Structure formats: C-alpha cells, structure tokens
Protein chains: 4
Amino acid sequence: MPRISKAEIEELCAQALPWVGILGLAIEEIGKGSCRVRMPGKEEFLRPGGTVSGPALMSLADYAMYVAVLSAIGRVELAVTTNLTANFLRRPKPGAIIGDCRLIKLGKRLAYGEVSLYSEGEADAGPVAHVTATYSIPPGRVE
Amino acid sequence: MPRISKAEIEELCAQALPWVGILGLAIEEIGKGSCRVRMPGKEEFLRPGGTVSGPALMSLADYAMYVAVLSAIGRVELAVTTNLTANFLRRPKPGAIIGDCRLIKLGKRLAYGEVSLYSEGEADAGPVAHVTATYSIPPGRVE
Amino acid sequence: MPRISKAEIEELCAQALPWVGILGLAIEEIGKGSCRVRMPGKEEFLRPGGTVSGPALMSLADYAMYVAVLSAIGRVELAVTTNLTANFLRRPKPGAIIGDCRLIKLGKRLAYGEVSLYSEGEADAGPVAHVTATYSIPPGRVE
Amino acid sequence: MPRISKAEIEELCAQALPWVGILGLAIEEIGKGSCRVRMPGKEEFLRPGGTVSGPALMSLADYAMYVAVLSAIGRVELAVTTNLTANFLRRPKPGAIIGDCRLIKLGKRLAYGEVSLYSEGEADAGPVAHVTATYSIPPGRVE
C-alpha cells in the first residue's frame with residue numbers, strides 16, 4: 001500500500017506545486033514505489049512537427065517520480081530531483097501521454113527509478129520516451 | 001555570426017512553440033552555436049522548499065539548446081531533442097534564471113551541447129544546474 | 001529467435017574485441033533483443049573499499065547492449081555506442097556480476113536499451129547498477 | 001594547489017586500483033579540482049572499425065574524475081561514482097587519448113564535473129567523447 005494517498009498528493013500539489021495544475025497532470029494509479037500518471041493533450045504543449053514537446057514530457061516524468069517517491073516514503077515534500085536523464089524515442093502524436101513509473105532503488109538518502117512514457121491508447125507502439133531519475137531524500141524525516 | 005537572428009527565432013516560437021511564450025523565455029544573446037537565454041521568476045515555477053522546479057529549469061535548458069542549434073544551422077525548426085541529461089546542483093532561490101549554452105559538437109545529423117544554468121546575478125555562486133543534450137537534425141536541409 | 005548465435009558473437013569478439021576476452025565477459029543467454037551476460041570476479045576489477053570498480057561494471061553493461069543489439073539486427077559489428085548513462089546503486093561485493101539487458105526501442109538507425117547489473121546470486125538485494133544506452137546502427141546493412 | 005600530489009595518487013592507485021595500471025592511465029597535470037590524464041594507445045582497447053572502445057574511454061573519464069575529486073578534497077579514496085553519463089561524439093583513431101577534467105560543483109557530499117576526451121595531438125578536431133559524472137564523498141573525512 002502506498003504511504004500517501006492520491007488525494008493527499010493532489011492536495012499537496014494544489015497548495016505548493018502550481019506547475020502540476022497548469023499542466024493538468026493527474027494520478028491514475030498509485031502503488032508503493034510505483035504509479036501511473038497522465039498529461040492531457042493540450043495545444044500549448046505542441047512544437048514544430050505537430051508533436052508533444054520534450055519539456056512537457058520531462059515535466060510529466062519528473063512528476064511521476066515525485067509521486068512514486070512519496071508513495072514509498074510518505075509526505076516528504078522536500079524530496080528533490082538531483083539527476084534526470086530523458087531519452088526521446090518516437091515523436092508522440094498530439095494527445096494525452098501516460099507515464100508508468102517504478103522505483104528501482106529506495107535508499108535512505110536517494111531514490112532512483114524509471115518512467116516509460118506512452119501516447120495514450122498506443123502502448124503497443126512502444127514508449128515515446130524513457131526517463132531515469134534520482135531523487136534526494138532529506139535527512140531526519142519521521143518514519 | 002549566427003545563421004538565424006534573435007527576431008526570427010522569436011517569430012518562429014510565437015507561431016509554433018506556445019510553451020516558450022507561456023514560460024516567458026527570452027534570448028539575451030546569440031552567437032554561432034551558442035546563446036544566453038533567460039527565464040523570468042514566476043510564482044508558478046516554484047515547488048516545495050521555495051525553489052524553482054526542475055521541469056522549469058529543464059524547459060529553459062532545452063530552449064537554450066534549440067536556439068544554439070538553430071544559430072548554427074539556420075531555420076531547421078524540426079530539429080528535435082533525442083537525449084537530455086540534467087544534473088541539479090543547488091536549489092535556486094525564487095527569481096530569474098540565466099542559461100548559457102554552447103555546442104560541443106555539430107555534425108550533419110546530430111548536435112551535442114551543454115547548458116549551465118545560474119540564478120540571475122549570482123553566477124559566482126556556481127550553476128544551479130548543468131544540462132547536456134543531443135539534438136537530431138533532419139536530413140535534406142538546404143545549406 | 002536471436003539473429004546471431006552465441007557462438008558467432010563469441011567468435012566475433014575473439015577476433016575483433018580483445019577487451020571482452022581480457023575481462024572474461026561471457027554470454028549466458030541470448031534472446032531477440034535481450035541477453036544475460038556475466039563478468040567473473042577478478043582481483044584486477046577491485047577498487048578502494050573492496051568493491052567492483054565502475055569501469056568494470058560499465059564495460060559489462062556496454063557489452064550486454066552490444067550483444068542485445070546484434071541479437072536483434074544480426075552481425076552488424078560496426079554498431080557503436082553513442083550514449084551510455086550509468087547509475088551506481090549499491091557497492092557490489094567482490095565476485096561475479098550478472099547483466100540483464102533488453103532493448104526498449106529498435107529503430108533503423110538507433111537502438112536504445114537498459115541493463116540491470118546484479119551481484120551473482122544476489123538478485124534479491126536489488127541491482128548494483130542500472131545502465132541505459134543508445135547504439136547507432138550503420139546504414140545500408142543487409143536485412 | 002591540489003590537496004594531493006600526483007605521486008600520492010599514483011601510489012594509491014598502485015596499491016588499490018589495479019585497473020589503472022592495467023590500462024596504463026597516467027596523470028599529466030593536476031590542479032585543484034582539475035586534471036589532465038592520458039591513456040596510451042594499446043591494441044587491446046580497439047573494437048570493430050579500428051577505433052578505441054567505449055569502455056576504455058569511460059575508464060579514462062572515470063579516472064579523470066577520481067583524480068580531480070581527490071585533488072580538491074585530499075586523500076579520500078572511498079569517494080565513489082554514483083552517475084556517469086558518456087556521449088560519444090566521433091570515432092577516435094587508434095592511439096593515445098587525453099582527458100581534460102574540471103569539477104563544476106564541489107559540495108560536502110557530492111562532486112560533479114565534466115571530462116572532455118581527445119585524440120592526442122588532435123584537440124582541434126574536437127572531442128571524441130564528453131562525459132559528466134557525480135561522485136559521492138563519504139561523510140566524516142578529516143579536513
């Protein structure tokens with residue numbers, strides 16, 4: 001079971017992560033150390049070539065990691081990204097993007113995981129991007 | 001001399017990259033294969049801890065690379081990111097961020113460069129993030 | 001079924017990749033676009049702290065990707081790494097290391113995949129390193 | 001001035017990093033937080049296409065970072081790589097490779113830097129590879 005609920009993360013984001021609301025990012029599922037998130041198709045995410053821009057995809061991936069980290073350690077909102085590596089594999093069509101995230105390692109100080117991003121409804125075509133990221137967990141959190 | 005002017009890139013972004021306008025990204029200087037860009041301080045970029053969010057920083061870095069690539073090859077708007085690796089080094093204070101970009105390699109098919117991001121007016125404190133990225137250049141462009 | 005056999009890759013490496021023999025790298029299993037490889041425990045791979053050095057782990061990961069790429073496209077020995085990102089997650093004890101590799105994308109020009117590295121017999125403890133890599137596939141290969 | 005001498009690092013490597021001797025890696029210059037290292041041309045580093053293999057280049061880059069970190073913090077031999085990202089930009093001809101390293105950030109717990117690798121005598125042709133890496137510095141070291 002996740003150590004924070006979907007509703008709690010949504011409330012935290014509403015208060016302190018305006019970016020998430022502007023992009024319209026949403027949690028579809030949450031496990032312990034894993035999640036599925038979604039970014040709606042919006043015209044403002046497009047770039048030349050009629051495809052979803054890299055920054056929008058990276059924003060979704062970073063959000064997925066944040067949700068997965070909190071799902072594993074609870075409400076430690078000061079967890080921050082230290083490294084994010086994005087590989088763009090195909091040009092997504094305009095439309096919603098799904099991000100599937102799982103933590104690969106959860107240590108006391110660092111969490112590391114991967115996110116596969118797909119065009120909604122087209123998982124069979126393979127991921128449009130694959131992201132790995134490391135989060136730093138602040139010391140002294142209450143367990 | 002750059003192979004595209006600041007004004008031309010700004011016009012291209014106004015037409016086809018709504019994201020750039022939403023974030024308020026601007027070009028401060030442009031060389032051939034290099035540039036300095038700026039992201040204003042905005043409340044919507046903040047995250048818990050009162051610092052500028054990673055996705056906002058990555059958006060600025062990706063924009064810097066796009067500008068640097070076009071400055072070297074001209075108006076090839078379909079150039080796309082294939083890899084972006086971001087390392088977050090310090091938490092930036094709320095406020096404007098400056099990005100200094102230079103291409104390390106410019107080939108026929110790929111461009112690779114680095115971007116150092118600073119809090120405006122605090123370059124002495126060292127970069128808040130360092131980003132490397134690879135852009136894929138579509139074949140068949142007119143020289 | 002893989003498009004090249006274990007024996008063919010071993011022969012290719014014996015002829016043209018002396019490094020693989022020096023390290024003692026071996027293929028344990030080969031699929032189509034996936035493989036399991038092994039590096040024996042050797043004193044020369046150790047580093048201060050009594051752990052296997054990063055370069056030895058990266059060598060194994062790069063070999064795993066090479067084998068996985070050839071398993072998918074056949075004997076295209078000029079395929080080369082363009083990007084390799086390694087995240088070191090735990091310090092491996094001295095001893096053999098296993099690498100599990102799968103391709104995430106196979107295009108005409110690029111292959112991208114991931115490798116999870118484990119201490120042999122200790123997969124339950126989680127990976128000691130996780131690597132992603134992109135290979136460039138030369139044009140004009142016979143299908 | 002560096003906080004460790006070339007001779008001290010060489011002695012440390014002779015005792016505890018056999019890999020460095022096997023590859024023939026050497027320090028050409030050492031500053032405080034920077035260094036130039038060299039890997040000789042050896043037949044065992046070659047790969048199909050008659051070029052220096054990626055793992056040999058990454059080994060040199062990782063060594064350069066280790067030297068640069070120790071040059072900044074002194075003899076903290078348990079400093080370890082946590083992330084290494086290598087971008088391969090051109091195929092080096094057989095022959096010696098030079099690595100120029102500088103730290104971009106030196107914190108209490110992490111050091112981050114970049115390494116540019118060149119074919120010896122051909123710096124004008126541009127780097128053959130560009131590497132960024134993060135080292136973890138163990139706590140409690142004597143200053």
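**Entry 1: two helices passing each other**

I began with helix 3 of chain A, which passes helix 3 of chain B in a right-handed crossing. For the hand, I used this rule: a crossing is left-handed if the near helix is turned anticlockwise from the far one by less than a right angle, and right-handed if clockwise. Helices here are DSSP runs of H or I with at least four residues, strands are runs of E with at least two, and both are numbered from the N terminus.

A note on what I am looking at: this is a predicted model, where local features need pLDDT of at least 70, side-chain atom pairs count only at pLDDT 80 or more, and totals for chains, interfaces and linings use all residues. Residues are numbered from 1 along each chain as its sequence is written, while chains are lettered from A and ligands numbered from 1 in the order in which they are written.

Two packed helices are described by the angle between their axes and the distance between the axes. I looked up both for this pair: the axes of helix 3 (residues 54-73) of chain A and helix 3 (residues 54-73) of chain B come within 9 Å and cross at roughly 155 degrees. That makes the two helices roughly antiparallel. The axes are lines fitted to C-alpha atoms, for helices over the stretch in contact, and angles run from 0 to 180 degrees between N-to-C directions. Angles under 35 degrees count as roughly parallel, over 145 as roughly antiparallel, 65 to 115 as roughly perpendicular and the rest as oblique.

Which residues of the two helices meet? On helix 3 of chain A I found A:Gly54, A:Pro55, A:Met58, A:Ser59 and A:Asp62, and they meet B:Gly54, B:Pro55, B:Met58, B:Ser59 and B:Asp62 in helix 3 of chain B. Contact means that the C-beta atoms of two residues, placed from the backbone, lie within 7 Å. By class, the residues of this helix contact are 4 nonpolar, 4 polar and 2 charged. Ala, Val, Leu, Ile, Met, Phe, Trp, Tyr, Cys and Pro count as nonpolar, Asp, Glu, Lys and Arg as charged, and the others, Gly among them, as polar.

**Entry 2: chain A against chain B**

Next I widened the view to the whole interface. Here 28 residues of chain A are in contact with 28 residues of chain B. On the chain A side, helix 2 (18-23), helix 3 and strand 5 each supply at least two residues. Strand 5 gives the largest share, 9 residues. I sorted the chain A side by class and got 14 nonpolar, 9 polar and 5 charged residues.

How are the two copies related? The same surface serves both copies, as 100% of the contact residues of chain A recur in chain B.

**Entry 3: chain A against chain C**

Then I turned to another neighbour. I found 11 residues of chain A in contact with 11 residues of chain C. Strand 5 (80-88), strand 6 (97-106) and strand 8 (129-136) of chain A each give two or more residues to this side, and strand 8 has the largest share, 3 residues. The chain A side holds 4 nonpolar, 6 polar and 1 charged residue. Chain A superposes on chain C by a rotation of 180 degrees with 0.0 Å of shift along its axis (RMSD 0.0 Å).

**Entry 4: one glycine inside chain A**

I picked A:Gly113, found in strand 7 (residues 110-119) of chain A. Is A:Gly113 buried or exposed? A:Gly113 is buried, because 25 other C-beta atoms lie within 10 Å. The cut-offs are 20 or more for buried, 12 or fewer for exposed, and partly exposed in between, with C-beta atoms placed from the backbone. Not counting residues up to four places away in sequence, A:Gly113 touches residues including A:Met65, A:Ala68, A:Cys101 and A:Ala133. A:Gly113 and A:Val69 are 44 residues apart in sequence, yet 8.8 Å apart in space, C-alpha to C-alpha.

Technical notes:
Least-squares fit on C-alpha atoms with pLDDT ≥ 70 in both.
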